Amino acid sequence: MHATTPSPCSSAPSAGASLAAHPPANLPAWGRLRTLAAAPQPHLRDRLTVADAARDAALRFEAAGLRLDATRQAVDLPIWHALLALAREADVAGQAEALRRGEAINATEGRAALHPALRGDDDLSAPWGPAISAAVRDERERFLAAAERVRSGTWHGHRGLPIRTVVNLGIGGSDLGPRMATAALAALATPTVAVRYVPNADAWTLHEALRDLNPHETLFVVQSKSFTTPETRLMADTARRWLSDAELDPAAQAAHLVAVTARPDLARAQGFDPAHIFVFWDWVGGRYSVWSAIGFPLAVAIGAASFRQLLAGARAMDAHFWHAPAERNLPLALALLSVWNRDFLRCPTHLVAVYAERLRHFVPYVQQLAMESNGKRVHRDGTACAVGTEAIVWGGVGLEGQHAYFQLLHQGRHRVPVDFIGVDTEDTPLPLAARHHRLMRDNLLAQAQALALGRDEAQTRAQLRAEGLDAQTVKALTPHRTFPGNVPSNLLWLPRLDAHALGALMAAYEHKVFCEAAIWDIQAYDQWGVELGKTLLHTLARSDGAAG
Ligand code: F6P
């Protein structure tokens, strides 16, 4: 095919690889891509109906058990090679090495972004250094042991009763990751302990979560990296009030409260038992924290062994991302194709359509991952972006979307690239599960094909005539029943819906987001955009307080 280009991560870090500004529009490959995009583009129908083994091979990827079929993307080999050149010129490799070394790539907060260290295999020779590996290992053993105590019924409430329900109080990254993974791995759920997630301060949400529970068999997990989020603090206050209404005084409440935070000092000051405080570090972004003690409720749900499998899947995807050649690199491919669709095909949104109910929460999880990381408007040097940046990520369970909003995808005036996510095998213990699975799978394939190929006017006229409609009706209906097609998509397949595959999928999207930011030359690991709302909230709260 062509000479192996340096891996995004196996080459030696280039000089000044850390944070030198790379406004992408100045890169030669960006200009090349602009030229290619300006040239007449064949319809996907023509790309897909002409056999092209080289293109097919170049646009299919495998990593950590996942399969990516990107052949329905609106690219040919010249475009694909220009995208690979863009990754090289943007020095994605050097930037990824900077991440691994624990450099403060989160420059506006002066922090590293070392979430891969959370799933390291305790190898003390890892690039982030032995101290971090040891601290991660020790804290992981602490929170997994505690989770196993809850699962085994040996964690008792104040009155000596085993815990029957864990209620997680947290929002954003302190909710979305563990909640998504708990739902995705529902087949692994511990039958003796239920895990419920309360993600917001709407009173009804907490009321609903608590109304059928016995306080003496309930454990609250207060998850907050900052331990200052007003919503979570209010939820924790209500939880404490609910416990005290069951005659559990503050000392007695300790057996019913766990804190997970990067600020153990604040947790202690709020009366949490130090033995029930699990920590992570400021070099872990909230949306990247599920691999840390933020995964405690998930570990209660699925058990320590499966949680370690989740880490192993992510670690396998890390190894692929660090070492696979760029042209074989699955997360890099997701990023490059996303940049092509966003910046050169000028598609402002991106749909994630999951074809498994248990992956329903994957969409809000990846919305935070992508849009809170790359929803930025200035480059790392502070100059305004004239490129990208993050598309609006939306979606849901694809089979339901087909009966709700897919009309717009097929015949609307937006071109919306789609990530179809499917599962190869079915594990639901139902008599006709195989038929259900085949229907899910066939719908995913049919939708990807329909969006790519469409049905032109000639084909539509022939279809309507074949339905026996008269010439006048055919003429009138053809515009309404024609499908423009030419909508690009990725098909991403998990071998099965298990912890290893889910970990690999999550890490793939984390690395995709990293690569996009590296190419767009933006900060992926801060989130100053949430600050103003919080400031105004405090102002309002003070004025409400003043109003009495
Ligand atoms: O406001 C945004 C945010 O900071 C997210 O980045 C974070 O995941 C969420 O709020 C919750 O923050 P914390 O875990 O500190 O409560």
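This is a predicted model: local features need pLDDT of at least 70, side-chain atom pairs count only at pLDDT 80 or more; totals for chains, interfaces and linings use all residues.
Residues are numbered from 1 along each chain as its sequence is written, and side-chain values use heavy atoms, with hydrogens and water left out.

I then noted that lysine 225 places a backbone N or O atom 2.8 Å from a ligand oxygen atom, and that glutamate 372 brings a polar side-chain atom to 2.7 Å from an oxygen atom of the ligand. Taken alone the ligand exposes 390 Å², of which the protein buries 87% (Shrake-Rupley method, 1.4 Å probe). I counted 13 residues around the ligand, the closest being Gly173, Ser174, Ser224, Ser226 and Thr229, where a residue counts if one of its heavy atoms lies within 4 Å.

Next I turned to histidine 437, which I located in helix α18, residues 433–453 (a DSSP run of H or I, at least four residues). Histidine 437 has a relative accessible area of 13% and is therefore buried, the limit being under 20% with a 1.4 Å probe and protein chains only. Its side chain reaches the backbone oxygen of valine 423 at 2.6 Å. Setting aside neighbours within four places in sequence, I found histidine 437 in contact with Val423, Asp424, Thr425 and Glu426 (heavy atoms within 4.5 Å).

Conventions
Helices (H or I, at least four residues) and strands (E, at least two) are DSSP runs, numbered from the N terminus. Buried means under 20% relative accessible area, exposed over 50%, partly exposed in between (1.4 Å probe, protein chains only). A polar contact is a pair of N or O atoms within 3.5 Å; within protein, one must be able to donate a hydrogen and the other to accept it, and residues adjacent in sequence count only if both atoms are side-chain atoms.
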